[in-house]
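I opened a new page for this structure.

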Amino acid sequence: MQYLFADPEQSSTMGDSKQQSSPNHLHMSSDLIYPSTLLLTSLLAIGFVFFIRASTKERIETKEWLIAQPISELAPRLKQYFQQRGYRLHTVNTDGSEVTFQGNVAASPFLAAFLFGLAVCGATAIALVLTVLLPDRGILAFGLLGLTPLAPWFYWRGAQRLETVKLSLQPHAIGTQVTLEGHPDELITFEDTMLGVR
């Protein structure tokens with residue numbers, strides 16, 4: 001009821017003050033967009049570096065299976081399997097129940113290209129934000145694109161390594177207990193190829 005009897009000039013003044021405060025509020029909000037975008041992009045860049053490091057880090061896992069087949073029949077099959085995958089017999093213990101295979105792991109061209117694409121996108125995003133924040137010198141940030149080839153190079157150098165797989169065969173009531181120690185991808189491939197596990 002108070003506003004129904006208000007002075008028209010006073011109401012007009014109140015409306016003008018609201019209209020004047022809105023642009024200032026929008027201006028303050030827009031000033032926070034680019035710094036926050038730069039912060040988030042920088043955090044993504046840091047996460048990207050850790051992702052590259054993780055892709056080259058050697059991970060080791062151990063799994064066990066029971067295979068209904070005697071050691072005398074299973075051992076030659078396993079030896080042939082690892083040799084076909086590019087491994088060579090490295091060491092054998094005294095009773096022949098534990099053997100070690102070694103082989104060179106090749107880097108993935110697809111993953112190297114994927115990392116390069118991510119590096120280009122990340123560097124471009126940072127450069128664009130810096131260009132807006134620093135109109136005079138922000139254009140120099142596009143020099144970050146010259147560092148992007150370091151991402152696939154670092155991955156390629158670290159991914160190519162000598163990988164070791166340890167195989168243990170122990171007799172069991174239903175056949176043979178197989179213990180395999182190696183990279184998780186190698187264990188998955190072993191399950192799919194030799195055991196048909198999906």
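What follows is what I looked up, entry by entry.

**Entry 1: the model.** I note at the start that this is a predicted model.

**Entry 2: a surface patch.** I looked for nonpolar side chains on the surface. Leu 39, Leu 40, Leu 43, Ile 46 and Phe 50 form a nonpolar patch there. Together they have about 530 Å² of accessible area. I then picked out Leu 40, which sits in helix H1, residues 8-56. Is Leu 40 buried or exposed? Its relative accessibility is 55%. The cut-off for exposed is over 50%, so Leu 40 counts as exposed.

**Entry 3: aromatic pairs.** Next I turned to the rings. I find six aromatic pairs. One of them joins Phe 82 and Tyr 87, and it is edge-to-face. Their ring centres are 6.0 Å apart, with 85° between the planes. Phe 82 has 0% relative accessibility and counts as buried. Tyr 87 has a relative accessible area of 8%. Buried means under 20%, so Tyr 87 is buried.

Phe 82 also pairs with Phe 190, and this pair is stacked. I read 6.1 Å centre to centre and 10° between the planes. Which parts of the chain does the pair link? Phe 82 lies in helix H2 (residues 71-84) and Phe 190 in helix H5 (residues 184-195). The two are 108 residues apart, so I wrote down that the pair links distant parts of the chain. Phe 190 counts as buried, at 0% relative accessibility.

I also listed the aromatic cluster. Trp 65, Tyr 81, Phe 82, Tyr 87, Phe 101 and Phe 190 form one cluster.

**Entry 4: helix H4.** Which residues of helix H4 (residues 150-159) are buried? I find Ala 151, Pro 152, Tyr 155 and Ala 159. They cover an arc of only 90° around the axis, so they lie on the same side of H4.

**Entry 5: a loop residue.** Last, I looked at Ile 174. I located Ile 174 in the loop between strand S4 (161-172) and strand S5 (175-182). What does Ile 174 touch, leaving out residues up to four places away in sequence? Its contacts are Leu 66, Ile 67, Ala 68 and Gln 69. I followed up on Ile 67. Ile 174 and Ile 67 are 107 residues apart in sequence. In space, they are 7.5 Å apart, C-alpha to C-alpha.

How values were computed
Residues numbered from 1 in each chain as written. Predicted model: local features only at pLDDT ≥ 70, side-chain atom pairs only at ≥ 80, totals over all residues. Heavy atoms only, no water. Patch = residues over 30% accessible without salt bridge, like charges linked within 9 Å, V, L, I, M, F, W, Y side chains within 5 Å. Areas by Shrake-Rupley, 256 points an atom, 1.4 Å probe, with all protein chains shown as cover. Salt bridge = Lys/Arg side-chain N within 4 Å of Asp/Glu carboxyl O. Helix = DSSP H or I, 4+ residues; strand = E, 2+ residues; numbered from the N terminus. Buried < 20%, exposed > 50% of the residue type's maximum accessible area, 1.4 Å probe, protein only. Phe/Tyr/Trp six-rings, centres within 6.5 Å; stacked < 30°, edge-to-face > 60°. Arc of directions from axis to C-beta. Contact = heavy atoms within 4.5 Å.
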